[in-house]
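I opened this structure today to look up two things. My notes follow, in the order I made them.

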Amino acid sequence: MDPSVVQDPPQDTRPDIAYTLDVVIADRYRAAVARAIAAAAPGSVLIRRCDQPVAGPVSMRMVTDGEPTHRWLQHWLRADLGTGLLSCTDPAIDRSRTGKIRIRAAVPLQDSEDLAFAYTPGVGRVASMIAADPGCARQLTGRHNRVAVVTDGSAVLGLGNLGPTAALPVMEGKAALFAHLAGIDAVPICLDTHDVDGIVAAVSAIAPGFGGVNLEDIAAPTCFAVETRLRETLDIPVLHDDQHGTAVVVLAALLNALTVVGKQFRNARIVVLGAGAAGTAVTRLLLAAGATDVIVWAPPGVLHPRISRQLPAHKQELAAMTNPRGIHGGLPEALRNADAVIGLSAARVLNRSLIEGMAKDPIVFAMANPVPEIHPAEICDLAAVTATGRSDHPNQVNNALVFPGLFRGALDADLTAFTLPVLLACAGALADLVTNPTTDRILPELLDPRVVPAVAATVRASAAAADPTRSA
């Protein structure tokens, strides 16, 4: 196709999307590409000249607000300019080309003497000592600082069941956070099974090599059964981060958000959107922390004590322990006069009219990723405090504020399980790091150097309080 010909582009039905494109274009195509991009998204695209080598006729880096709808622009430009004339790159993809983690030797390996101690014959004496006393493994191996990050790829971020191979970059990223934030050696384990028995058997089989297990991106209800069974059978701490890590950081954020608006946690009317892994764990932790009025909405409507017995067991349990006022109906009924809504559901399920029906100074946590339940900009004049799960808006509610410190403290204290008192204490410690919460700051920054030490110290102190023979 002649690149100078510009066809009518598809219409974008979401005019709030902003694109930034860094484009390097061979001279003969520059004008045509500029016209094509301008026509594809008039008024919303910034084209900058990039002084860098051109790998082909066109090299383009696209940055959007995360909306998947940017794909139509890529597709249209390819179709208009011809296959091979346009190369779209993404910094996240570029930085993943060689993986995000490495394994490095922790002992010197410079000569034959080093090898004799690190491997044969010296390693045989170490193995024999551990065989005689398995407890020696904590001092004589890296197990005490090693965590397995386990997934079946059934609930990858907000993208759904992508499978174990596609989940690998996410697990590598999490392992990188473990290493950078808490000095923990984390190993991605991607299992090619969605079967509860299969996952439990695989994790149990590899457990001797690890000091803890972080379950990640496993869909409900499988995640509930897997975690319960592993907690019952393993002597190392097991955490499903999508459940409990999320619950801890949400509770911390909500405590500070309620402080900003001058409302009491115990008396607040709280609505949780979604009854998956995160929604279920958040609801349970809110109730454990003393919340007295929590409503859970999950399609097709509000959970209530007389809900149909056709629902999964975990939703029946939520229905029995929530909704003390007996609210029936959908989102309008659930949100009427609510003080806070915690979105753990799906993109764009909220709108302005629903927020208008909430109580004065409403708190809106819209944490669906990559597209939130409602964009904060749409309700900046309505909500007193907003938060999302994204890093490009104020108040990112990110479970990475929790899991590095949780496991750091658990490994240090040789903890065998994460208990409810530990999780509640960690939520309080995280909230306390923000001494004067504001509308734009209800949580510490992810890279705040105080976070991991504070959470880890809380875990150690909780362990010592539960067992006086331990030291905090």
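Strands here are DSSP runs of E of at least two residues, helices are runs of H or I of at least four, and both are numbered from the N terminus. I then looked at the strands around that bridge. Four bridges join β13 (residues 363-366) to β14, and the two run parallel. Strands count as paired if DSSP finds at least two bridges between them.

The model is predicted, with local features needing pLDDT of at least 70 and side-chain atom pairs pLDDT 80 or more, while totals for chains, interfaces and linings use all residues. Residues are numbered from 1 along each chain as its sequence is written, and side-chain values use heavy atoms, without hydrogens and water.

Next I traced the whole sheet. Six strands form an open sheet with mixed pairing, in the order β11-β10-β9-β12-β13-β14. At the edges I found β11 (301-302) and β14 (385-388), each pairing on one side only.

Which strands does helix α10 touch? Helix α10 (residues 244-261) packs on the sheet and touches β9 (269-273), β12 (340-343), β13 and β14. Its direction makes about 155 degrees with that of β13. Axes are lines fitted to C-alpha atoms, for helices over the stretch in contact, and angles run from 0 to 180 degrees between N-to-C directions.

Last, I checked Ser462, which lies in helix α17 (residues 451-466). Ser462 is in contact (heavy atoms within 4.5 Å) with Val422 and Ala425, leaving aside neighbours within four places in sequence.
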